[in-house]
Number of protein chains: 2
Amino acid sequence: MPFGYHTQHSPFGAFASFTIGLPQSRGGMGQSLSGPADQDVFAGYRRLESDGLAGGNWNLLPFYKEPEVPAAAAYTSEFAEDEADMDTPRMLDAEEVQRELGWASDRWSHAEFSLTLYSPFGRTESPESMSEDAARLAFAPVIQAEVSFDNREGKAAVELVFGLGHAAYQFRPLEDEVTDLVGFALGREMGFAARPSDVERRLQALSIFYPKACTDHRGLHLLGPEAAVVFRVEAGEQKRFPVSLGFYQSGVVSAGLTASYFYTKLFDGLESVLQHGLAQHAHYREQAEARDAQLKSATWLNADQQWLIAQATHSYWGSTELLWDESRNEALWVVNEGEYRMINTFDLTIDHLFFELEWQPWAVKNTLELFVQRYSFEDNLNVSEGVDPTGGISFVHDMGVMDQFTLPGRSSYECMHITGCFSQMTMEQLINWICCAGTYALATKDKAWLEAQRATFIACAQSLLRRDHPVPVKRTGLLKFDSDRCGPDGAEITTYDSLDVSLGQARNNLYISVKAYAAWSLLEKVFAEAQLDESDWAAEAQAATDRAASAVVSKFESDSGMFPAVFEDGNRSRILPAIEGLVFPSYLGFVEELRARHGELFDKLGLHMQNALKSGICLDARTGAWKLSSTSKNSWFSKIAIAQHVLRTVFPELEVDVEAGAPADAVHARMQKTAIIGQYAMVDQVNVTDVLSLGSRYYPRIVTSFLWMREGNI
Amino acid sequence: MPFGYHTQHSPFGAFASFTIGLPQSRGGMGQSLSGPADQDVFAGYRRLESDGLAGGNWNLLPFYKEPEVPAAAAYTSEFAEDEADMDTPRMLDAEEVQRELGWASDRWSHAEFSLTLYSPFGRTESPESMSEDAARLAFAPVIQAEVSFDNREGKAAVELVFGLGHAAYQFRPLEDEVTDLVGFALGREMGFAARPSDVERRLQALSIFYPKACTDHRGLHLLGPEAAVVFRVEAGEQKRFPVSLGFYQSGVVSAGLTASYFYTKLFDGLESVLQHGLAQHAHYREQAEARDAQLKSATWLNADQQWLIAQATHSYWGSTELLWDESRNEALWVVNEGEYRMINTFDLTIDHLFFELEWQPWAVKNTLELFVQRYSFEDNLNVSEGVDPTGGISFVHDMGVMDQFTLPGRSSYECMHITGCFSQMTMEQLINWICCAGTYALATKDKAWLEAQRATFIACAQSLLRRDHPVPVKRTGLLKFDSDRCGPDGAEITTYDSLDVSLGQARNNLYISVKAYAAWSLLEKVFAEAQLDESDWAAEAQAATDRAASAVVSKFESDSGMFPAVFEDGNRSRILPAIEGLVFPSYLGFVEELRARHGELFDKLGLHMQNALKSGICLDARTGAWKLSSTSKNSWFSKIAIAQHVLRTVFPELEVDVEAGAPADAVHARMQKTAIIGQYAMVDQVNVTDVLSLGSRYYPRIVTSFLWMREGNI
């Protein structure tokens with residue numbers, strides 16, 4: 001099984017990535033793509049002869065494809081390129097190259113050469129409230145590269161190269177527009193640049209590494225889809241050279257809502273972005289190094305866990321998009337759903353919550369408000385005749401797809417009349433708003449916001465109650481009525497849409513039931529907050545929490561020592577997300593209060609996990625990976641990460657199979673590093689039996705692994 | 001050899017095409033592409049049962065690919081689509097479908113169904129001088145489709161469908177933004193729409209033709225990359241339904257010069273374009289029908305010639321781009337070089353001249369002025385020591401590539417130190433400016449412009465003289481000195497860059513020599529015009545014309561009865577563009593004056609053509625196609641068209657091989673209709689021996705065939 005993986009290197013909120021890392025593969029700069037771009041990346045070095053002039057062959061990192069047909073063939077037809085004259089660069093074997101992925105950096109080294117990419121991040125405040133200087137630092141659509149060589153022991157000069165090829169069209173030299181950048185751009189949209197004082201020469205041609213390539217009076221060929229900058233390190237010197245990689249999309253980029261990239265308010269074009277990047281290179285490098293050190297200092301995590309966090313974080317940033325709503329004149333936060341590019345899919349928002357609360361809590365608030373203002377609705381329920389069908393508030397699955405916002409109250413995903421993938425997720429998204437909003441409000445102590453959302457919290461509580469049963473006395477603590485948005489013949493599903501029915505069906509579902517329990521526990525806290533002081537609702541919520549706890553407890557199977565996944569039809573699947581809902585009270589620090597009230601629930605959930613985490617049940621019998629469902633090969637890394645975190649923090653005393661610990665981490669990391677999965681950077685849905693990528697590629701959601709960073713003081 | 005071909009259907013100046021026609025292939029809407037887009041086009045019909053409800057299978061034109069994997073697989077992983085439930089549409093065999101390509105229309109018919117595309121054009125005035133209404137009609141980035149069915153004999157209703165699939169991302173329903181359009185768009189960039197009153201229903205899904213496709217409350221699935229509108233024709237009715245296909249690129253789209261599409265001054269977005277298209281459908285259809293009739297009325301042309309003109313014109317429009325220079329606040333005309341996308345390649349401009357003088361003469365002027373203002377330069381010549389090397393004015397090969405304008409005085413194509421493809425074209429472009437500007441001024445009688453260009457005409461004459469020899473007494477009538485832009489080791493080439501040396505080398509080249517002769521003859525006329533009244537220069541030009549004529553005559557080989565292609569090294573290649581230069585005096589109506597002065601030249605050129613146009617020389621021995629050079633299989637359809645026109649108009653008495661006439665036209669049309677060439681719409685460079693596309697695909701230049709329309713009164 002070949003190993004190697006792509007990693008996305010992405011600015012904050014630019015929906016853009018420089019993707020690189022899978023040996024013998026293309027990647028490079030991509031804007032709004034569903035997967036890696038298709039550019040060659042040229043980075044490497046060559047040693048010059050001792051006279052410092054003629055050079056040996058280039059040694060290049062293996063991030064390009066060797067062309068089958070010379071690029072000139074398209075123009076010259078009858079002219080054959082003289083193969084003997086091709087001083088072909090040597091593509092380094094992946095095995096010769098050391099790679100180290102940090103939280104905000106990625107470095108490849110070969111002999112004295114190295115290429116490092118920095119995609120730093122830090123805590124930000126709301127774009128509306130930041131100073132322009134701070135905003136430019138935080139939101140510049142740029143990432144940093146650095147090529148370096150330690151030639152202190154060398155006897156002759158070396159040349160270093162950084163460039164791109166196989167571009168969608170021809171590069172333009174930045175020097176045609178500005179004097180303080182040397183590098184190349186594709187139109188006004190993307191490009192790379194170095195400092196003129198660093199650059200020995202620059203290359204552009206149909207094939208830059210062919211010594212006989214045609215060039216013009218300044219050594220360039222503007223028809224060239226390959227372009228690079230070349231640096232020089234004299235014998236006895238050690239040098240590193242910054243390169244900035246910038247993106248720029250001007251004007252309105254969305255439909256449905258009228259929005260532009262926020263960075264267009266800070267930078268007037270690609271050149272400004274690149275100038276900023278080079279000027280701030282040291283700042284960005286230091287910020288990246290600080291993040292790298294922070295991850296390394298999490299000594300309670302093994303190397304596999306640290307790698308998973310690093311890789312997941314990189315892919316998260318690649319899906320982020322900070323827009324400015326031109327109509328409402330305010331920031332508009334979007335996380336795109338990886339390869340699917342759906343906008344702010346709510347069942348991803350809830351999972352990104354923990355990471356975003358640390359780094360950009362304003363983004364959580366922004367999305368929650370848009371869900372209330374534009375993407376909430378009121379429904380009826382599919383109840384039997386004679387029962388009041390009024391449902392209540394809920395929220396749609398997503399806000400659209402590919403920068404196309406849907407109409408108010410509608411998603412791009414949800415369909416009618418079906419019972420599987422693409423059905424409605426009304427219960428789940430209602431719970432998601434409660435958990436997301438409750439966690440935001442309680443964690444940030446944003447009291448004004450809490451007060452402003454009073455009516456929504458109450459509406460949510462009402463809606464949640466009615467989905468148990470419209471008739472109060474008939475409430476059992478379980479959600480059992482589907483939205484009429486399903487149609488009479490459809491059924492609600494959960495975020496686990498493409499897993500088997502054990503997690504797919506929403507009604508009477510263990511995962512949903514525990515998550516609803518958690519939602520009620522949050523509502524108790526929210527209503528009890530001084531700003532709301534809704535004591536009646538707090539009492540109602542308390543009763544509902546207790547009811548939910550009892551209802552779940554009653555479903556425990558004493559014979560197997562586990563819960564069934566669905567409380568219907570004799571289902572005997574076992575699922576690890578049984579405990580997922582506990583992540584919210586755990587995060588907010590009141591899980592012990594709940595355990596004190598509902599000891600039996602916690603005991604039984606612990607027992608469930610202990611019994612499920614065995615080989616052949618929820619540990620894959622072949623690979624040892626965690627399986628979310630005992631009856632599906634399809635496992636989701638984002639959700640494994642939550643289950644692991646809850647297990648370790650809420651059930652630390654549990655004696656689970658040792659294979660479920662560090663050995664499983666190693667299995668998980670290794671899977672993501674296989675080429676078949678790693679070609680898509682971070683992948684969420686993996687067939688963990690046969691090791692295949694099933695979907696959710698190039699995906700942000702696995703940033704749930706950031707929760708592990710909080711485990712240091714267990 | 002499989003037959004079939006794509007045709008570009010393009011608005012005026014939008015650098016966009018709806019490409020369709022090659023059986024079992026994708027095409028569809030493409031913006032700024034180097035070849036056809038990659039969308040499925042769904043167009044067809046199904047007969048309903050006599051109850052008017054349930055329907056049989058769809059019959060679709062063969063302009064899509066049947067999917068190997070259902071689109072839903074990307075989302076659902078473990079869910080297998082039930083193959084048995086797929087009510088798969090029937091893809092019509094190409095043989096069952098009648099196709100008729102007109103000058104501005106394209107129609108496919110099957111039984112009572114037809115799909116027609118209209119891409120009309122008419123004569124336009126300068127964008128600056130047109131009324132807004134006229135400009136909107138002329139420059140709207142929209143083309144028209146029409147689906148129709150004659151159900152007068154039918155016993156039950158039929159449904160008609162028009163849609164697209166395999167889009168780069170998901171469609172958005174236009175009805176979300178406006179009430180008077182039903183259709184779909186991709187972002188803000190492109191889309192199709194019908195009138196709400198015409199549309200029975202609309203489809204959007206992962207797979208619109210699968211009856212079990214998931215859809216939402218309004219019957220759409222917004223995650224669908226397939227979308228369509230459905231019309232209904234009752235039994236006894238005959239109906240046709242217009243569909244508009246629009247493009248829109250907002251904001252600045254270029255680098256180097258800062259320019260936007262001119263249509264953005266006329267329409268505020270895609271929806272406005274589509275509303276306009278539907279409102280003006282009848283106007284556009286009538287305009288297209290008038291063009292079709294005009295071509296058909298050219299009864300002196302056989303059906304193959306008419307088809308070649310029609311197909312060539314379609315590809316020409318696809319490369320046109322009408323911009324607005326935001327800095328200079330004026331129109332900026334661009335023709336992109338087909339698959340190469342170079343901007344205003346001068347050796348294409350000169351060939352588009354005749355078409356553009358008929359339909360948009362202001363565009364010729366616009367480009368000529370930009371060549372003077374930004375893309376002219378002065379050079380030195382590679383002369384022997386002791387000779388004054390001063391050259392003079394000339395012009396670069398192109399203005400950049402892919403909306404990236406080069407620096408003043410520089411092209412994207414031309415390199416130094418080489419003798420083949422990508423070398424300098426200084427002599428040729430100097431001649432091109434003279435011929436293009438002279439023809440424009442004399443044909444349009446634009447006296448103010450002629451006066452304004454006085455200095456440039458004089459500078460061109462001086463430059464042309466010096467390229468014969470800097471020392472007046474040493475002038476022989478042939479251009480023999482390369483520009484120092486070649487470097488000391490390079491050599492100038494001609495537009496025939498990728499043909500063999502018989503046409504590639506500029507010095508002492510038969511093609512260039514006759515074209516220079518023509519240029520001098522134009523300069524005689526220009527300087528003699530009353531506005532300039534440069535009698536000294538007119539006399540100088542007259543002498544130079546005579547000198548050029550004598551020089552060419554002296555190179556005639558009496559043994560072969562032909563000219564050599566290059567007057568050096570015993571070259572014995574034979575070339576048909578020997579007479580290309582005569583197109584200008586012929587077009588301007590003074591070729592008989594020249595024949596009277598230089599009878600021997602005309603006689604010998606005629607003899608040359610008569611002898612060259614024989615099988616095995618310049619008629620391909622295998623296929624019968626015209627070969628531009630006896631020593632190359634690579635022949636260019638744009639240049640064949642000019643040679644044919646000059647032969648028929650300047651040498652009508654010539655008795656050439658009958659195979660060079662209508663049989664060759666049939667060969668040429670048939671070649672362009674083979675799938676291997678026709679997949680790229682119109683192709684210029686064809687290996688006419690083996691029938692392969694060598695380059696210059698999706699190419700505008702073959703619009704030279706428009707010259708044939710002028711042959712009616714021979």
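Helices α17(A) and α18(A) run roughly antiparallel to each other (angles over 145 degrees count as such). This comes from a predicted model, in which local features need pLDDT of at least 70, side-chain atom pairs count only at pLDDT 80 or more, and totals for chains, interfaces and linings use all residues. Residues are numbered from 1 along each chain, chains are lettered from A in the order in which they are written, and side-chain values use heavy atoms, with hydrogens and water left out.

As for the geometry, α17 (residues 637-650) and α18 (residues 662-673) of chain A pack at about 160 degrees with axes 13 Å apart, the axes being lines fitted to C-alpha atoms over the stretch in contact, with angles from 0 to 180 degrees between N-to-C directions. Helices here are DSSP runs (H or I, at least four residues). On the α17(A) side, A:F637, A:I640 and A:Q644 do the touching, and they meet A:D665, A:H668, A:M671 and A:Q672 of α18(A); contact means heavy atoms within 4.5 Å. By type, the residues of this contact split into 3 nonpolar, 3 polar and 1 charged.

Elsewhere in chain A, helix α3 (residues 270-279) is mostly covered, with 8 of its 10 residues buried (under 20% relative accessible area, 1.4 Å probe, protein chains only). Among them are A:E271 and A:H276, along with A:L270, A:V273 and A:L274.

Now for the two copies.

Technical notes
Helices (H or I, at least four residues) and strands (E, at least two) are DSSP runs, numbered from the N terminus. Angles under 35 degrees count as roughly parallel, over 145 as roughly antiparallel, 65 to 115 as roughly perpendicular and the rest as oblique. Ala, Val, Leu, Ile, Met, Phe, Trp, Tyr, Cys and Pro count as nonpolar, Asp, Glu, Lys and Arg as charged, and the others, Gly among them, as polar. Buried means under 20% relative accessible area, exposed over 50%, partly exposed in between (1.4 Å probe, protein chains only).
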